[in-house]
Amino acid sequence: MEILSEAEMQLHSSTAFAAAQQSIDISAAIVDQSNVGILVLNQDSQLICWNQWMAASSNIPAPFALGKTLKEIFPDLQGLRFIQSINDCLNKGMSSLLSTKLNPHPLPLYGSSAERVKGQIMSQMIMVKPVLGQGKLCMVHIFDVSPAMVRDKLLRQRSSEYRSQEMNTRAILASIGDAVITTDLNGHIDYMNPMAETMTGWPLSETKGKPLEQIFSVMTQGGKKDINLIDSCLKNTGKANTESHELALVNREGNCIAIEQSLAAIRDPDMNITGAVVVFRDVSQARKLAQQVNWQATHDTLTGLYNRNYFDAKLTDMVLDARESGRQHALLYLDLDQFKVVNDTCGHVAGDELLRQISQLLSAHIRTNDTLARLGGDEFGVQLLNCPAEVALRIANQTRHSIGNFRFCWDDKSFGIGVSIGLVEVTAQSDSVEQVLSDADTACYAAKDNGRNQVHVYRTHASEAAVRQSEMEWVTRIQSAIEQQRFRLYFQAINPLSMIEDSRHIEILIRMLDTDGQIISPGAFIPAAERYNLMSAIDRWVIGKVFELISNNPQILIENRYQFAINLSGHSLSGADTLDYISDQLTKHQIPSGMICFEITETAAISNLSSASHFIRKLKQAGCLFSLDDFGSGLSSFAYLKNLPVDYLKIDGSFVKDMATDKIDQAMVQSINQIGHVMNLKTIAEFVESEAILECLKIIGVDYVQGYAIAKPTPLTDDNGKLLIT
Amino acid sequence: MLVLTDFQQDVISELFNIGMGSAAASLSQMVGETVGLSVPSVEYIGHTMAVKRIQDIVGSQEVTGVKESFKGSFWGDALLIFPEDRSRELVRALLKDQDLPLETITEMEQEALTEVGNIILNACLGSLANVFQQNLIYGLPQYTQGDCEELLGANMEQQENDGLLLLHMDFILQETNINGYLTLLMNVDSVKALSDQIDLYLAELV
């Protein structure tokens, strides 16, 4: 409100005065009607203006208020700052503003009578301002800020709700195991949870506002940088490319961490994209495990080569490829020759080590694209891609040579190792994976059969197949012969050479009777019986029969001091039930001690050294004797002899039959004989087919002789089972 | 540009410190807690320089100010300036309302801050007026916000050689020290008048 100056007041010109008077009236009316509180104090702090708003809010009418001081109207007036402001205004011309916050309720004013009843004082904002009129006046404006206070309160409430929500969210984000990063619309980082800080190596304080890809640097497994994900998420559809790549995070130190991530757009309530959220987690362990599992599924843990499963799968591809493209491939099937010896004499640790060393040796011979796998105990397979038979044969022979030249050393022992290799061509004509494998196996077996340490190339419809075919037929024939007991026992005398001895040694031999009564020699059916695990049954039949004969004719046999040499196959030697069977039969037939001598071959004994030695010891306790058959034909390691408590050494016939003419054979026989004697063993020479041989043997001093020059094999019994010896 | 001597500047500093003392007393009483206010330095410098000086302290961010004009034997605008976030911090500390998470200053807080500025400016200008035994008339305090160059520039009809009186001020509350600036924007004539007043005052003291 403008207070009129003295000069203006003195205007007496009627029109001017009237106009001025009108202006004053209007001003006074405006002040009175204003929707804010207006009061004016004069120099003596007396009220000279108290508008309607003031009257209504304070419930004090203007006539009562005017001329009084504020203290007179409001005796309880507390606000020191308000009084001070008025004084400063009147005395020093200062303006003041009194905020609601700092001066909540300076005057006892009420917004309505209802609020007055409730004692709810109006929130006020007060302005104090000097007015220069007749001397200094103080004008006070009072605003009702109650609505603003309500808004303020609401705002506080909302923001504290918002904050507690935010705190909740942060607490959740801090406690979860996943890393979370949020970005704004430009892909700049807004927030990272503690896990994201740990994994990236960057604290949020350093990354806020930075482009995501600077901090969250992700590579695909191929090493390609993967930066477009966030862009496509933000700019295009809001959908992240959810294709599952194997991703790795490159952290601040430059280390790669395998991660799984998901991306999503953040939207406001109107569905506009406002940013993106990336969630990722460390899957190093899982991925490592998966790799490990994957490796283990396709590899042999001992040697690190591929395993059978993988080999078979690759072979399927190879066979298919040969069929579809007509390319030529080859398959090698390898079987180590002396693995069992190493395993049995030095233990499994040595055997394992041998396999590892051989694996390394083999790896050196294959080409990059070839597949080398360990297929079983000491069997290996090699797939040679795009490899014609000649090349495959060269590779096979190179492999065989290098293994042949290799010596395996363990403790103070040294072993030569051989390998039998079967080679099969894989061509468009190849039948199936199974057939190819079976052919390779057959070829490998043939290589073994032919004397080991060689390569055998499989020829379709070649002799082996025929042999196999006939062997298969033999199996049924042998089986029916066993069932129908169509065997006959023969014997051949083993005579002492120089010693005067009254005991009679005979070796029991076997013949098979065909259905038509024809006699079949052992050379025809034994190989098949050996291959198809029928030898144990034949051995048992022989043992049972011989023991029965002994128990039926004890008198004559004991009197003449007969000793029966019975052949035992390798199968019988390794099977525990054979040992039990023999023990039972010995007891059952009350076989006299020293009457039975079992002949076992050197190869059979050595390839099952531990069980053979157990077998021998047990039966020796039961009064049986043992003879090591075909000595010198196999490995001829005299060291093994020490471990085999045998009584006789039977010198292999191949040395004997030519010894009369072959000096080397003669020397062999001589040295074996010598060693045998040193070890306190009796020696036997078989295949003694001439007088000349007999003479040589006499000179050498062999203990026993056996062969056509001494006696031919003859039936042990007649057709009725009656013993023919006397 | 007109220059205030070091001695004159010391006198102004002294007077403002007296004003700050009484403002601090008023504020302490109002908030029930010790509020410390002091003016460590005063300088009369060019407008551009002042803007730079303030920007050095507050950085590029927006500033909050409370402006009050005064008229009398010397005249101009008094402006109290805080960095925006510091002013928010200050008002919340004063109102013991530290927990409010809002990043913007609320309407009510603006009002309270205006009052605080009002108390400080009144006390400081009042101490000048007191000493010089001059009556000044003060306008109502106004809350302003924005770029500090605009705040300083928009205040008066700028003249080339106008300078301004820049008072660096420390506001200590609950062990936090909030730096602010108090500027008196006066034209040449007004500064001359102030300078004359100081000389007169000194002469009387001798």
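Five strands of chain A line up as an open sheet in the order 13-14-12-17-18, with mixed pairing. Bear in mind that this is a predicted model. From that sheet, the tour below moves on to other parts of chain A and then to chain B.

- On average, and ignoring direction, neighbouring strands here are turned by 20° against each other.
- Strand 18 of chain A pairs with strand 17 (residues 419–426) of chain A in the parallel sense, over three bridges.

**Another set of strands in chain A**

- Strand 22 (residues 562–568) of chain A has seven residues, and five of them are buried, so this strand is largely enclosed by the rest of the structure.
- Strand 22 of chain A runs parallel to strand 20 (residues 504–513) of chain A, joined to it by five bridges. Here Ile508(A) has Ile566(A), in strand 22 of chain A, as its bridge partner.
- Strand 22 of chain A also runs parallel to strand 23 (residues 596–601) of chain A, again with five bridges. The bridge partner of Leu568(A) in strand 23 of chain A is Ile600(A).

**Helices of chain A**

- Helix 15 (residues 339–346) and helix 16 (residues 348–363) of chain A pack at an angle of about 145°, and their axes are 6 Å apart.
- Helix 15 of chain A brings Phe339(A), Val342(A), Asn343(A) and Cys346(A) to that contact, while helix 16 of chain A brings His348(A), Ala350(A), Gly351(A) and Leu354(A).
- Sorted by class, the contact between helix 15 and helix 16 of chain A has five nonpolar, three polar and no charged residues.
- Is helix 13 (residues 284–298) of chain A in the open or enclosed? Of its 15 residues, the number buried is zero, so helix 13 of chain A lies largely in the open.
- From first C-alpha to last, helix 13 of chain A reaches 21 Å, close to the 21 Å expected at 1.5 Å a residue.

**Chain A as a whole**

- Chain A holds 30 helices and 28 strands, and 35% of its 726 residues count as buried.
- Take the contacts in chain A between residues at least 6 apart in sequence: 59% of them join residues at least 24 apart.

- In chain B, the axes of helix 3 (residues 84–94) and helix 4 come within 10 Å and cross at roughly 90°. That makes helix 3 of chain B roughly perpendicular to helix 4 of chain B.
- Ser87(B), Val91(B) and Leu94(B) of helix 3 of chain B meet Glu109(B), Ala112(B), Leu113(B) and Val116(B) of helix 4 of chain B.
- How many residues of chain B are in contact with chain A? There are 23, and they touch 23 residues of chain A.
- Helix 4 of chain B gives the largest share of the side that touches chain A, with 10 residues.
- By class, this side of chain B has 13 nonpolar, seven polar and three charged residues.

How values were computed: Residues numbered from 1 in each chain as written. Chains lettered and ligands numbered in written order. Predicted model: local features only at pLDDT ≥ 70, side-chain atom pairs only at ≥ 80, totals over all residues. Contact = placed C-beta atoms within 7 Å. Helix = DSSP H or I, 4+ residues; strand = E, 2+ residues; numbered from the N terminus. Nonpolar A, V, L, I, M, F, W, Y, C, P; charged D, E, K, R; others polar. Pairing = 2+ DSSP bridges. Axes fitted to C-alpha atoms, helices over the stretch in contact; angles between N-to-C directions. Expected span 1.5 Å × (residues − 1). Buried ≥ 20, exposed ≤ 12 C-beta atoms within 10 Å, placed from the backbone. Parallel < 35°, antiparallel > 145°, perpendicular 65-115°, else oblique.
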